[in-house]
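Hi,

Here is the structure I promised to pass on. Have a look at it first, and then read my notes below.

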Amino acid sequence: MTEFRFAVNVVPKPGILDPQGRAVEGSLAHLGVEGVSGVRVGRRVELSVAAASEAEARATVERLAQELFSNPLIEAFEIDALDGAKAQASAAAAAGGAR
Amino acid sequence: MTRVGVVVFPGSNCDRDTLRGLELAGAEAVPLWHEQGSLDGCAAVVLPGGFAYGDYLRAGVIARFSPVMRAVAAFAGEGGLVLGICNGFQVLAEAGLVPGALLRNRGLRFLGRDVQVVAERLDTPFTSLVGERGPLRMPIAHGEGCYFADEATLDGLERDGQVLFRYVDGNGMQAGAEGDPANPNGSLRAIAGVVNARGNVAGLMPHPERASDRLLGSEDGLPILRSLVEAASRAQRVPVGAAR
């Protein structure tokens, strides 16, 4: 068994009213930022799955994304694989950015 | 006496009020803990308001996977009477037991105030004793009550008489869409409550139990609870322990 790490990004489907996105967009003027539109606010779930292969792990994540993390009536999702090397690289970059 | 269960999730906060309202409506009202897999012989089940499992992820979604909800889904599948109030409506929608979804209120704010609704059907187990369409005055208390379904589903609900309650203004006229204060959360077609196609599972955002005693300022919700209890008494199942 290997542990695979994924991120599931859930966003409101196109056309579904997103009051949070609208509120965020409405606040941009207070920051003095112009030219930003189409703000949609969603959520991101990260998780590790122990499985024999990445395909098998991904199938589990697909199921969770459909049944739990998103409501298919109103939300769409995308699954990203977060491999260890990538995670370490981004952590290093974050640490570097903090210096 | 007709036994009606009120499910108690961690985070439910209207369970006591709902038990009391059902007692006023003539039921033997019993709490049903979320970890139990049976409904204790209840002839009807109410999912009360609150914030089941903290409303984490999406309101109602985690409650959907609790042991008691598997029992509720099986009960509903056999034609058992189920009513979801506020957070209970959100749970039913997430579980797919009633159509549609409840989105964040269009105005973004949590709303706690009285609203007026009319009953669009008076021939259901949830409205048979309401008498007239209304308007009925009941409180709402929610942050995610904006009823949503796609246009085809909405048309189907209207056609099949599945719209159970609708927000109305002071004159009893259907509330408008966005921006009409009579439609507190911006629900599509001013829908405040729906019933499933079979007619045995219903959900609504206003709280009938909070309008079930004159001391609470309105008794308009009591006939809804009475209707449920009365229908449940006719659907009375064999009580637990009766078979010998």
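Predicted model: local features only at pLDDT ≥ 70, side-chain atom pairs only at ≥ 80, totals over all residues.

Residues are numbered from 1 along each chain as its sequence is written, chains are lettered from A and ligands numbered from 1 in the order written, and side-chain values use heavy atoms, leaving out hydrogens and water.

Chain B has 5 helices and 11 strands (DSSP runs, with at least four residues of H or I for a helix and at least two of E for a strand, numbered from the N terminus). Of its 244 residues, 56% are buried, meaning under 20% relative accessible area; exposed is over 50%, and partly exposed is in between (1.4 Å probe, protein chains only).

One joins B:Asp213 to B:Arg20, at 4.0 Å from N to O. B:Asp213 sits in the loop between strand S11 (201-204) and helix H5 (222-234), and B:Arg20 in helix H1 (residues 15-24), so the pair ties together parts of chain B that are 193 residues apart in sequence. B:Arg20 is partly exposed, at 45%.

Another pairs B:Arg159 with B:Asp160 at 3.3 Å; B:Arg159 is exposed at 64%, and B:Asp160 partly exposed at 44%.

Cheers

How values were computed: Salt bridge = Lys/Arg side-chain N within 4 Å of Asp/Glu carboxyl O.
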